[in-house]
Number of protein chains: 2
Amino acid sequence: MTIINLDHISSNPLLPEVKKSMIEAINRDYANPSSQHKAGEEAAEVLDNARQSVAQLINSASAKEIVFTSSGTESINHAVKGVAMANLEKGKHIVTSNVEHNAVIRSIKRLKPLDYKATSISVDEYGRVTPNDVADAISDDTIMVSIMHSNNETGTIQPIREIGKITKEKKVIFHVDAVDSVGVVPIDVQALGVDLLSFASNPFYGPTGVGGLYIRRGTRVFPVLDGGIQENNKRGGTENLIGIIGMGVAADLAGRDMDARLAHFRKLKDLLLEELPNYIDEYLINTHPEFSLPNLLSISIKYIEGESVMLMLDDDDIAVSTRSACATGSLRASHVLISLGLSHADAQGTLVISLGIDNLEQDIIAFLQSLKTVVTTLRDISPLYKKSSQA
Amino acid sequence: MTIINLDHISSNPLLPEVKKSMIEAINRDYANPSSQHKAGEEAAEVLDNARQSVAQLINSASAKEIVFTSSGTESINHAVKGVAMANLEKGKHIVTSNVEHNAVIRSIKRLKPLDYKATSISVDEYGRVTPNDVADAISDDTIMVSIMHSNNETGTIQPIREIGKITKEKKVIFHVDAVDSVGVVPIDVQALGVDLLSFASNPFYGPTGVGGLYIRRGTRVFPVLDGGIQENNKRGGTENLIGIIGMGVAADLAGRDMDARLAHFRKLKDLLLEELPNYIDEYLINTHPEFSLPNLLSISIKYIEGESVMLMLDDDDIAVSTRSACATGSLRASHVLISLGLSHADAQGTLVISLGIDNLEQDIIAFLQSLKTVVTTLRDISPLYKKSSQA
């Protein structure tokens, strides 16, 4: 039984070359990269090579600016809490947006006992921040701006470069959660003018449980995981070398194949957008038409529940998601969708379709055919839909 | 070229069964365990099985008390910082010892802006804490005691059960760093009376970059990695499923084979201790003769530098270490060895020999023969040794 995977935002399969590199690493039994004997030095070299690959993918000025972490979430915690802890004397205010990942929102909340306050900026109907709003929110007490590059539920991409100019001018540290962008769309940390950038390996077909944090040289930030002198003394804990090796290979391939992947995604997303009205009606598109990930589309289908659609599609062996996998099980409507101005009912009717390099045009058509049946079935039993039709 | 590995404390090779399980996991391309579709549920089940295996290894009352982390260091940060953040109203004092891992020491230091203070208890010549000293150090303001189970540089095991009785009586949260004990010696969290216990996968031949934290039900602790609702809402970040699967298999095998491994280690360590005086003289044993890990021996060889010994043994393809791999590169003498009362000179002459299940008696003899030559060579050029011989 083959599943049509349109839920790549939750989990990507590993590339064959990544699998091969990880299996080789498993069989090699590398020593601890911190050990000073020959075996340790060999492991340290392998770790360094992966760091170079990742640095190149985001155009970091030096591989030393890359810290390997266990996830995008750890990278974000490191950036947000680490900057706050290291700049207590400078100020107690952070600027962020209403559509950030919970890793950002909850990390900021965790700083409350240190008297940190945050200003959270509202977004437009696609979830986009206006750079001027960021400028207006920055005060003398502001130490950091944390705004995501792309949203994991809508795919909308923020005007990071414009915000970077503002933070640079106002001398405020700029952290960007680019977990769903790095390796998917071109990211150049120098051109964007960011100080810290969080990312993860799985969005570009590396293993889960491995991430990275770019820390521009000279940025004042403390570790979130204190301990040994690993990662240039920026993050304690023996490295997940097998995972890091996989991430390095995935980074090389993401750089090499990015243009081809982007073209592939755009073709499939265009097909989906073009064909969608031929299969269902009465839906909203939450993804920005221009500034968005090429592999993600969020739609809110009126009068029905996204979770029911997801489960019925699952019966047809089609995987989609309704929200961030990190928030599964939460009973509350997605804070991201509510921030776009969606009603609770429309937010509940949301589906996230996220494409992968393995998807084919026929997957899109199979999804649309299945979706049509599911939506018709659900609307037939929806009291909301009946009321609307009678009106 | 085969290396004789007597540096298992820095890195253990993976067991064949662990390798097999991880390679299978790589080839399976599991979905995100948080996803609600069929593929996600399958991944969640695999994650749950590994959690059961780990819970069983430490006799946790429920698998729900286990949180998977990225390392022993993360587990320790989670415990120390998480308890402190969650108990701000209750008190601002922590009791610890002078020989803890830097993950504990630095996590406590990081709490200074929250006005936390710590009392650090001194140890005997083998690095052992006296339980009464812990009792004496606890005040009304104390919220937590953090004492390690075994020390990663000396192998000495602390009287955890006795301390557990004290913390229970005084109603103080008890965290135990058992990173180098879990899976090596029997650990029963219920019998020990601990509230939190940090551990890692590699000491029992699972992969690096995977650890766990036992949190007794009802213990007040916040996450150190805030974000999604993974790990029963106790730790954000998509799981390192491949590593966790390996850890689960390693836990099953550690439970099954523990007695045989212990017997094997004891035989080799006895041989090492018996034969040592036949090869070198003028050394100190830092490891407790009775209460210590069966697979680790710390010796301080007079008049020479441990690092030189380590590098010369490396030329003979024998790997040992001189200190915690997490502290490699530090120019300061090990805080653990200084706490035992060693002089700086003796501390610099320290070697850590850590045994693995793959070691044979002939490895011990080969090491001793090589060590004899190395020590003789180094002492011949040591001004300290000449002075001592003339005295």
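Guide: In chain A, α2(A) and α9(A) pack with their axes 8 Å apart and at an angle of about 35°, where axes are lines fitted to C-alpha atoms, for helices over the stretch in contact, and angles run from 0 to 180 degrees between N-to-C directions. This is a predicted model, in which local features need pLDDT of at least 70 and side-chain atom pairs count only at pLDDT 80 or more, while totals for chains, interfaces and linings use all residues. Residues are numbered from 1 along each chain as its sequence is written, and chains are lettered from A and ligands numbered from 1 in the order in which they are written.

Visitor: What is the handedness of the crossing of α2(A) and α9(A), left-handed or right-handed?

Guide: The crossing of α2(A) and α9(A) is left-handed, a word used if the near helix is turned anticlockwise from the far one by less than a right angle, with right-handed used if clockwise. Among the residues making this contact are Ala43(A), Val46(A) and Leu47(A) of α2(A), with Ile244(A), Gly248(A) and Asp252(A) of α9(A); two residues are in contact if their C-beta atoms, placed from the backbone, lie within 7 Å.

Visitor: What makes α9(B) a kinked helix, and where is the kink centred?

Guide: α9(B) has a kink of about 65° centred on Asp257(B), the bend at a residue being the angle between axes fitted to the seven residues ending there and the seven starting there. Helix α9 of chain B, residues 241-279, also spans only 47 Å between its end C-alpha atoms, whereas a straight helix of 39 residues would span 57 Å at 1.5 Å a residue, the expected span being 1.5 Å times one less than the number of residues.

Visitor: How many residues does each chain bring to the contact?

Guide: Chain A brings 64 residues and chain B brings 66 residues. On the side of chain A that touches chain B, α1(A) gives the most, with five residues.

Terms used: Helices (H or I, at least four residues) and strands (E, at least two) are DSSP runs, numbered from the N terminus.
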